[in-house]
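Please look at the sequence and the fold first.

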Amino acid sequence: MTTKNRSLDGSNKTKTSESIWKKALSSDSEWPDKDEFLDVIYWMRQALGIILGLCWGILPLKGLFGLLLFVVLNAAVIYIYVSNFHNVDEEEFGGMWEITKEGFMTSFAGFLVTWTIMYTGLHGNSSL
Amino acid sequence: MWGDPLLIVFISVCTAFLGEGLTWILVYRTEKYQKLKVEVERQSKKLEKRKEAHGDSLDKQHKKKIEREEERLKNNNRDLSLVKMKSMFAIGFAFTALLSMFNNIFDGRVVAKLPFHPISWIQGLSHRNLPGDDFTDCSFIFLYILCTMSIRQNIQKLLGFAPSRAASQQGGALFATPPAQFK
């Protein structure tokens with residue numbers, strides 16, 4: 001009985017995560033659960049931080065320009081994703097500011113770590 | 001060139017898991033914590049809904065109800081913090097010892113090269129115990145703090161130990177306003 005329940009739970013979980021992926025990737029999806037949508041934004045931000053960090057390190061971009069470009073791109077991607085791709089009413093989530101700052105600091109820290117590591121590994125040889 | 005920074009990321013992943021594991025043993029798995037957490041989340045959501053529905057109304061009865069619920073939530077939040085506090089102290093001591101050990105190992109060593117010039121009030125951290133004036137040299141502590149900031153929170157979220165949004169929002173609002181008895 002318990003194993004049956006457990007396997008049912010497991011299949012439910014995979015189903016929900018599948019449907020979240022589907023919802024996140026298809027435009028104009030309905031988001032009755034606010035937390036679900038904010039979670040999607042949170043994890044998207046983390047992925048974006050790491051990807052941009054890798055790119056900035058490989059190029060390499062340096063200085064304030066790199067930092068500012070990250071902040072602008074990060075905010076712009078989320079803004080476009082929220083208001084153009086999903087056409088979500090931002091007031092439902094406490095305004096655009098709430099959405100913009102969702103997971104920003106964590107993503108920024110992740111970006112700085114990957115940027116620094118890639119930059120050190122690929123371009124820091126001469127100076128280290 | 002890759003060795004030191006990757007080692008620091010590894011250390012920070014290990015310490016994050018260790019910290020969460022210890023907190024799970026001391027706090028998260030206890031019945032008292034679980035009960036309080038469920039209660040706080042339920043109350044936070046209820047309060048949020050009530051505030052949304054009657055936020056602007058001047059009805060005294062609703063206001064009184066909201067205030068009473070806020071008071072109850074505040075008490076539960078305080079109990080929750082108390083339950084967490086004991087283990088946080090224990091973990092804090094253990095981590096301070098660990099950190100000072102790693103600090104000694106990496107003392108005076110440039111572990112990475114920063115691709116930007118840190119602003120002056122961060123330079124004390126990013127250039128701690130490093131020789132020379134090149135502020136793009138990065139010390140162990142700065143990279144470790146950055147790693148912890150990103151890794152620990154993500155691990156907490158992945159494992160489901162992070163506080164829910166409703167609870168932290170209500171908690172933040174409650175801590176922002178001074179308690180009634182001090183008004």
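## Salt bridge and polar contacts across the interface

Across the interface of chain A and chain B of this predicted model, the rule finds one salt bridge. A salt bridge here is a side-chain nitrogen of Lys or Arg within 4 Å of a carboxyl oxygen of Asp or Glu. Asp39(A) and Lys157(B) form it through their side chains, at 3.2 Å from N to O. Five residue pairs are in polar contact between chain A and chain B, with both residues at pLDDT 80 or more. A polar contact is a pair of N or O atoms within 3.5 Å; within protein, one must be able to donate a hydrogen and the other to accept it, and residues adjacent in sequence count only if both atoms are side-chain atoms.

Which elements of chain A give two or more residues to the side that touches chain B? They are helix H2 (34-58), helix H3 (63-85) and helix H5 (104-123). H5(A) gives the most, with 14 residues. By class, this side of chain A has 15 nonpolar, 10 polar and six charged residues. Ala, Val, Leu, Ile, Met, Phe, Trp, Tyr, Cys and Pro count as nonpolar; Asp, Glu, Lys and Arg count as charged; the others, Gly among them, count as polar.

## Extent of the interface

Contact means heavy atoms within 4.5 Å. By that rule, 31 residues of chain A are in contact with 25 residues of chain B. The size of an interface is often given as the accessible area lost when the parts come together. Between chain A and chain B the buried area is about 2,400 Å². Carbon and sulfur atoms give 71% of that area. Buried area is the accessible area (1.4 Å probe) that two parts lose on being put together, summed over both.

## How the model is read

Residues are numbered from 1 along each chain as its sequence is written, and chains are lettered from A and ligands numbered from 1 in the order in which they are written. In this predicted model, local features need pLDDT of at least 70, side-chain atom pairs count only at pLDDT 80 or more, and totals for chains, interfaces and linings use all residues, while side-chain values use heavy atoms, with hydrogens and water left out.

## The two chains

Chain A has five helices and zero strands. Its elements run α-α-α-α-α from the N terminus on. Helices (H or I, at least four residues) and strands (E, at least two) are DSSP runs, numbered from the N terminus. Of the 128 residues of chain A, 41% count as buried. Buried means under 20% relative accessible area, exposed over 50%, partly exposed in between (1.4 Å probe, protein chains only). Among contacts in chain A with a separation of 6 or more, 76% are between residues 24 or more positions apart.

Chain B has six helices and two strands. Along the sequence the pattern is α-α-α-β-α-β-α-α. Of its 183 residues, 37% count as buried. Among contacts between residues at least 6 apart in chain B, 69% join residues at least 24 apart.

## Aromatic rings

The count over all chains comes to 15 aromatic pairs. Rings of Phe, Tyr and Trp (its six-membered ring) pair if their centres lie within 6.5 Å; planes under 30 degrees apart count as stacked, over 60 as edge-to-face and the rest as tilted. Phe106(B) and Phe140(B) are stacked, 4.8 Å centre to centre with 0° between the planes. This pair links distant parts of the chain, 34 residues apart. Phe106(B) is in the loop between helix H3 (60-105) and strand S1 (112-113) of chain B, and Phe140(B) is in helix H5 (residues 140-159) of chain B. Both residues are buried.

Ring pairs also build a cluster. Its members are Trp56(A), Phe70(A), Phe104(A), Phe108(A), Phe111(A), Trp115(A) and Phe116(B).

Gln46(A) is found in helix H2 of chain A. Why does Gln46(A) count as buried? Because its relative accessible area is 6%. Leaving out residues up to four places away in sequence, Gln46(A) touches Gly103(A), Thr106(A), Ser107(A) and Asn154(B). Its side chain reaches the backbone oxygen of Gly103(A) at 3.3 Å.

Lys113(B) lies in strand S1 of chain B. Lys113(B) counts as buried because its relative accessibility is 5%. Its side chain makes polar contacts with the side chains of Asp134(B) at 2.6 Å and Asp137(B) at 2.7 Å. Thr23(B), in helix H1 (residues 3-28) of chain B, is buried at 1% relative accessibility.
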